[in-house]
Amino acid sequence: MSSEAITRPAESAARLKGDRLIDFGGLALTIVTLGFALMAIFPVYWAVVTSFKSETEVIASGIALWPSRINTEAYEHIWTNTNIGIWYINSFVTSTLITAGVIVSSAGCAYALSQLDFPGRRLIYVLILACFMVPMQALIINHFVLMAQFKLLNSWAGIILPQLIVPVTIIVYKQFFDNVPREFREAAQMDGAGHFKTLFRIYLPMNWGITSALAIITFIGAWNSFLWPFLAATGEATMTVPVGITQVKDAYGIVYARQMASAVMAGLPVAVLYLIFQRRVTQAIMLSAGVKG
Amino acid sequence: MNKTIKRLALVSTALMALTSVAAAQQTVVWWDFLAGGDGVRMKALIDAFNEEHAGEITIEGTTLEWGTPFYTKLQTSAAIGEGPDIATYHLSRMPLAVDSGTLAEISDEDMASVGLSDDSFTAAAAQAAKVDGTRYGVPFDQHGLILYYNKEMLGEAGMLDEGGMPKGLDGMENFEAALAQFTTDDGKYGLSMPTGDRYRAVYSFFGQQGGTMFDAEAGGFFPTDDDVNKLATATETMKRWVDNGWTPAQIESPAALAQFTSGQAAFFIMGNWEVPTFTDLAAKGELFEWGAVELPVLFDQPAAWSDSHAFVIPANGGKENDPEKRAAVMEVIAWMDKNSLDWAGAGHIPAYNEVRESEGFASMKPQSDYAGFADTAVFDPRTVLAGPAAPLGDAWSNFINPATTGELDPADAAMEMRDDLNSQL
Amino acid sequence: MIRDKRSEYLAALILVGPFVVIYGLLFVWPTIQMVMLSFTDAPLIGPGEWVGIENYVEILTHRLFRNATWNTAYFVLLTVVPNTLVSLAIAMAVNRLKGWQQGFVMACFFLPYILPVSVVYLTWNWIIDVQYGLVQYIVRPFNGGEPMSLTRTIPFFMPTVAVVTIWWTLGFNVLLFIAGLRNISPEIYEAASLDSAGRWRQFRKITWPLIWPVTALVLTIQLIAQLKIFDQVYLFSIGGRQDPTIVLVQYIYKLAFQQNKGGEGAAAATLLFAMIIILSVLQYQALRARGEK
């Protein structure tokens, strides 16, 4: 989604109202919209602010929108008294490997489906489309049993494997590869390039934007996933951040600032990714939903 | 692909190995469900153990959410051989644990190797740690429901004897009069108690009427109509206190605790595990004079809900037995029991005879004031449905707790609870 | 030429291979296993005896299964349509803004969507906390001056989790609607404004019918997603009464992982699996029928 494009209807709407000098209705609507937007982001803001308060300030009556003194004690406590460091490593490693696995297997599969002719091509495509509808949540028992048979539960591999099925990335890739003019491939093959070279030197670089968008969204999805890592990580040493912060109890009871600090730490990587790559993230989401951005 | 998987598995094992301090010494992976004051004391015990055994044994502790999350994780991880080396467990849940194959046997030899035997504990506890004659746990404590009171408020009302102990609370009329007396229009209550824990009081009152909860021969749960009626009566008692405004209808643990510690309620009925919370507050000078005694006898005989913490060794299916690891785990268990005077600081009654009968425990206050509940305690019945995170625990919270707030009729709730449990036998 | 064909097959095999292996191992195989397991009395891990349709009979007469089905349906009811309508309203409001205003408002609404569910849970659990939560300022006047636990008071549980879910996921729907709104040509609005049609008439006559395909898409995605609900419901019910608010995936989890009844859990999973597939196919047919008209 480009920013010029998104303002287009807004401009035309403004043009429509050109006959009036000040559009009071529109102004009110803008203020209301901004108000709702602030309300929507407020819980996130509140969590962050709470995490920087001292415990006594947290439970003081009244609504303090800003800590009286920036206090990082909650973060220090979480960092030194929980295994969040290990959970971070687990989250980063599993999310990165899931992303790499999904992107590589999807791009390869999509290239074959889009550019190559081989028996069973249609069947595979139909199976991928059907896979869309499948509720992975229904398979938790048998994923658990299967991973137990492989002795992979409570390990990175066990957390990663069932999350490698992301049919939608194949479909998005295929659409993009379909649109690459045939001449490129023919020219490459004239030069004696094989299919792998064609894929990695031409198709992927030409669709670099979509690759990065899909990679970011896959990473965010993997980082955020809860149910499977929650089941597969049976011990504290293999938990991911989202699982660890809800499953492992601090021996010191409910301490709100610390809970918020752990929440902020869990959400920070994806929030930062989103804020840096806003356009890519929104583009990938729209493509995945089958809407042209 | 397969190679990648293997490599990944290797990397993750390597990482797990890194988290333990050194390879030469034994690392004992420990899971518990102890939060709050319990958690702080247990953490101190673990730290002390690790310090004393530096270079030999290190306990690596993880605290999971009490109840269902803990027991689910333990059961599934043991089934796939990924469970901890040692875990805390409720003796009431032993039959269910053994039924699902979660626990490993702890033999007489294991016990003897660290100087323990059945005779180290009360006969009841040693018995409860066994299922069909096989031992699956080592008792650690007994805990139960007790009555905390605000000495200042009771003193002003003339309800303390010369020794500073509450007087005249026994008998339904007397206790309810006291509850009514302390309830005021400006938001003070006679009694504070978390909604989710009310079933413990209901079961205590059921026991005070001499009810039978389970008898396999006589037809299962609440075998006679009389038993069902006693359950309904016990539930109605709690509901009456709610209806009369003597105790808040809906209240969570932290809020209920705060209500008592801020002087908004004269009594607090809860497990003895809150003792350290009050001890610590009092030590900081942030609490009034307080005390704790056995539950008052409101019906025919004294009785209080009770359970025991124990140590267990998960079966970890598919993993080979490592004698050195077993020795280290037994060392941990024995050390904990022998040092359980510190655990008594958390309000619990030590299961280990030597500690319970020691001078040190006898002089602990208020522990010695309520320790008598152990003799008249009502435990969960010995069935595979018993224990927390088990059908009996679910039934309490599905039928009885809601009946105390008026969501269900107490008589209906009692019947439904019986039918629900019997249908699962 | 033949050499060419053969190399094409080989390339296809290598490119499609990884995905097919993953797909077969982690989707087809577990699905077959799930159905097989559902006819046995096996525990979660370990073998069992063939018991025919006993598990299905057991489940279908189980009060908890009816509870779970009803709660899931109730949750769908509380989230799908409200979420769609709120998202459309927000999308229209965002769409008429421009420049930094649009970027800011969009980020406010979208940021929650990329957060892990654990963060959403911790944040809201703090906001609705019965003792110190901000929401209690609103709850108290309606509850005779007393605070109330919104997640422990059973009738309020589902609505509370539904509101949190809508807050969390609406960013996704807003994005799709904005894309849809941008595809409506401004000329149509210009023509309407010549007719001096009011805002409401404009919406009724132009926006609503033209945005309908996106609305249908959003409804479909929501419906399927909410049938698979687990994470939020599970997290908010920790430490409380779970049975009255149990949902279908949670029921599967309870049977298989808590009660160690692998066979019954698989039977429940098979039922959910079938339910979602049937609904997806019906949806697909209905949407296609609409599209052909």
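Start by selecting chain C, whose elements, followed from the N terminus on, run α-α-α-α-α-α-α-α-α-α-α-α; that makes twelve helices and zero strands, where helices (H or I, at least four residues) and strands (E, at least two) are DSSP runs numbered from the N terminus. Before going further, note that this is a predicted model, in which local features need pLDDT of at least 70 and side-chain atom pairs count only at pLDDT 80 or more, while totals for chains, interfaces and linings use all residues. Residues are numbered from 1 along each chain as its sequence is written, and chains are lettered from A in the order in which they are written.

Of the 293 residues in chain C, 46% are buried, a word used for a residue with 20 or more other C-beta atoms within 10 Å of its own, against 12 or fewer for exposed and anything in between for partly exposed, with C-beta atoms placed from the backbone.

Next, select Val247(C), which is among the residues that touch the most other members of the largest nonpolar core, a set of 301 residues. Such a core consists of buried Ala, Val, Leu, Ile, Met, Phe, Trp, Tyr and Cys residues joined through C-beta atoms within 7 Å. Leaving aside neighbours within four places in sequence, Val247(C) is in contact with residues including Phe75(C), Ile229(C) and Val233(C), two residues being in contact if their C-beta atoms, placed from the backbone, lie within 7 Å.

Now show chain A beside chain C: the contact takes 77 residues from chain C and 79 residues from chain A. On the side of chain C that touches chain A, helix α1 (residues 2–37) gives the most, with 18 residues.

Finally, move to chain B and select Gln25(B), which is found in the loop between α1 (2–19) and β1 (26–32). Is Gln25(B) buried or partly exposed? Gln25(B) is partly exposed, because 15 other C-beta atoms lie within 10 Å. Not counting residues up to four places away in sequence, Gln25(B) touches Gly55(B), Glu56(B), Ile57(B) and Thr58(B).
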